[in-house]
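Please find below my notes on the model under review. They begin with the chain as a whole and then turn to individual regions.

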Amino acid sequence: MESAEPGNDAGSGMGGYRVQDNSNSIRPHILLVEDSKSTALVYRSYLAADFQVSLAHSLADASRLQAESRFELLLVDVRLPDGSGLDILRELRLEDSLTPVVLMTAHGSVDIAVDAMRLGASDFLTKPFERARLLVTLQNALKGRRLTQIVDEYEKSCTRDHFHGMVGACLPMQSVYRIIESAAGSRATVFISGESGTGKELCAEALHAQSKRAAKPYVALNCAAIPHDLLESEIFGHVKGAFTGANAAREGAAARAAGGTLFLDEIGEMPLDLQSKLLRFIQSGAFTPVGGNTEIQTDLRFVCATNRDPLEEVRAGRFREDLYYRLHVIPVQMPALRDRGHDCLLIARAMLKEYSADEQRDFIGFTPDVEAIFQSYDWPGNVRELSNVIRNIVVLNDAQWVEPQMLPTPLDGVVASDMQVFAAHSDTATPVSDSGEEQAAPEATAGHSQHSIEPLWLSEKRIIEHAISHCQGNVPRAAAFLEISPSTIYRKKQQWGRQEAESLELNA
């Protein structure tokens, strides 16, 4: 057990106390490169309580030790018998941008320090230096490395717009990606829920691909697509003669998925009597084929999915409560497409590229009007409906840009209503002729005065309020459609109050 005890110069320098720990694996491993053997021994004595220290006295020694071991920090003298410590720094930075390097020299100068920092050194020490100074410098360098790693991991996990076969950059999808990464290495059962067409099977495939079972079979079975009287045979298999038409023995999904992953989609459609057999299989890892007498032991990972509310199904008596709790170990909620903001456009662009290649079409993107329609439509069929729409467009048309008139039902109905909205928002815009010259506005030609032109903030207010109304008062969602931040909307709403008051004063 670790204990803290009073220390002197051999301590960590933190208030005269250090943690006793005889495990070398916990202490950071440092490579100390110093040509003077006596000086190197002094520095090693400074560091021995807090670090594992390997010594090198030349560039050649340092290269050999770096090839043999992995170091968390390098403490390097600038002047070495066979070269410069800057050479070590240059070579390391070609392959490794994270490992901190602290340089030291008895001939300190501004030029050397500038060169060292430009090459990526973490810090620079001028000899002679005290032990406390050395420890603080090294601890700060290691903290900097840890912070850099944390930031890199955060950026990697929060800025991904795709993960295995899934496309999406919104926060709900980032959460799905993190759950998959965390759960993939476990044997725990994963329960995926979400509306039809949200990508539950893609999520199951990603779990398998991310796991240690990726090289083993992945078997998917849709319980809703198989007649109830055949579902047991599809899962567990059957022996010859088990029922009429069973002319030969047949392996079920459980046997085919041995060592890998068994995905049971729409598990809420499974009849209650079969649910009890599935529960026993999950608990024991053994099953008996239909009509057979011999139990078969197998090792596999269960993943299941449903488009229903599983707890509601339990309350209604359509799903066994004990099976629910056995399966519902790691829940994953797939978000609906209407709640994923700009993901709709990311997915649509990826599909357009893929389907255009399949159908040998020349499409390269969507016009702004089409993108606005995609963003405002609710997509009740989710990603599956979007896929059908894109496939329909690509098969029936051939152009570079997808235009509103190419959209199939029901999006063709969205075109007219949304275009009327766009036209209303552009009532005060100045028309432009084909030659690019501005034309007189209709109000001016009709003899209207310049006072008929409303202030820009009023037009902006009307557009934002329409978007909020269109999103049933959901400001973040309206902000996503307008491609601005929610804080911008809140700030503008405060400004409108002041501007309205100023307008009343001017008119008075």
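1. Helices (H or I, at least four residues) and strands (E, at least two) are DSSP runs, numbered from the N terminus. On that basis the protein chain holds 20 helices and 20 strands. The model is predicted: local features need pLDDT of at least 70 and side-chain atom pairs count only at pLDDT 80 or more, while totals for chains, interfaces and linings use all residues. Residues are numbered from 1 along each chain as its sequence is written, and side-chain values use heavy atoms, with hydrogens and water left out.

2. Of the 508 residues in the protein chain, 40% are buried (under 20% relative accessible area, 1.4 Å probe, protein chains only). Taking contact as heavy atoms within 4.5 Å, 65% of the contacts between residues at least 6 apart in sequence join residues at least 24 apart.

3. Leucine 74 stands opposite valine 101 of strand 8.

4. A nonpolar core is a set of buried Ala, Val, Leu, Ile, Met, Phe, Trp, Tyr and Cys residues joined through side-chain atoms within 4.5 Å. The largest has 29 residues, with Leu264, Ile267, Met270 and Leu278 making the most contacts inside it. Elements giving two or more residues to this core include strand 13, helix 8, strand 14 (261–265) and helix 12 (321–327). Helix 10 supplies the largest share, 5 residues.

5. Beyond its neighbours within four places in sequence, leucine 264 is in contact with residues including Leu221, Met270, Leu278 and Val303. A second, separate core of 26 residues includes Ala348, Val370, Val383 and Val414.

6. In helix 8 (residues 228–236), Leu231, Ser233, Ile235 and Phe236 are buried. The buried residues of helix 8 pack against strand 13 (218–222), helix 9 (253–256), helix 10 (272–284) and strand 15 (286–287). Just after helix 8, glycine 237 adopts a positive phi of about 80°.

Definitions and conventions:
Buried means under 20% relative accessible area, exposed over 50%, partly exposed in between (1.4 Å probe, protein chains only). Two strands pair if DSSP finds at least two bridges between them.
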